[in-house]
Amino acid sequence: MKLINVGFGNMVAAARVVAVANPESAPIKRLIQDSRDDGRAIDVTCGRRTRAVIITDSEHVILSAIQAETIANRLENSAPGADPCEEEPPADEDRPARS
């Protein structure tokens with residue numbers, strides 16, 4: 001499972017993220033208020049200004065103090081196959097396994 005840092009040591013499962021939005025538009029402000037009323041809002045801003053709103057597949061709304069573009073870049077870099085250095089090379093069947 002890939003985790004994305006959303007600020008101040010808080011992590012979100014990359015596979016669960018549906019959207020990352022800017023909190024300035026009126027529809028997103030309504031979404032934030034509705035999720036707070038329903039108990040689905042998770043505020044990880046540590047008292048700072050909200051700069052990104054992360055929407056998950058479980059309809060939770062995560063408020064982050066990191067820019068939406070930064071979070072989107074982190075999501076892109078965590079996509080499968082994005083960084084070939086992170087993947088383990090296939091085991092050579094001719095060589096004995098290390099112990």
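Ser 78 is buried, with a relative accessible area of 13%, where buried stands for under 20% relative accessible area, exposed for over 50% and partly exposed for values in between (1.4 Å probe, protein chains only). This serine is found in helix 2, which covers residues 68-78; helices (H or I, at least four residues) and strands (E, at least two) are DSSP runs numbered from the N terminus. A polar atom of the Ser 78 side chain lies 2.9 Å from the backbone oxygen of Leu 75. Leaving aside residues up to four places away in sequence, Ser 78 touches Lys 2, Ile 4 and Ala 14, contact being defined as heavy atoms within 4.5 Å.

The model is a predicted one, in which local features need pLDDT of at least 70 and side-chain atom pairs count only at pLDDT 80 or more, whereas totals for chains, interfaces and linings use all residues. Residues are numbered from 1 along each chain as its sequence is written, and side-chain values use heavy atoms, with hydrogens and water left out.

A search of the whole structure finds three salt bridges, each defined as a side-chain nitrogen of Lys or Arg within 4 Å of a carboxyl oxygen of Asp or Glu. In one of them the side chains of Arg 16 and Asp 57 meet at 2.6 Å, N to O. This pair links distant parts of the chain, 41 residues apart, since Arg 16 sits in the loop between strand 2 (10-13) and strand 3 (17-21) and Asp 57 in the loop between strand 5 (52-56) and strand 6 (61-64). Arg 16 is partly exposed at a relative accessible area of 41%, and Asp 57 is partly exposed at 44%.

Glu 24 forms a salt bridge with Arg 49, and their closest N and O atoms are 3.5 Å apart. Because Glu 24 lies in the loop between strand 3 and helix 1 (26-38) and Arg 49 in the loop between strand 4 (41-43) and strand 5, the pair ties together parts that are 25 residues apart in sequence. Glu 24 is partly exposed, with a relative accessible area of 45%, while Arg 49 counts as exposed at 52% relative accessibility. A further salt bridge joins the side chains of Arg 40 and Asp 38 (3.2 Å, N to O), and Asp 38 counts as exposed at 54% relative accessibility.

Finally, Met 1 lies in the segment before strand 1 (3-7) and is exposed, with a relative accessible area of 86%.

Methods: Polar contact = N/O pair within 3.5 Å; in protein donor to acceptor, adjacent residues only side chain to side chain.
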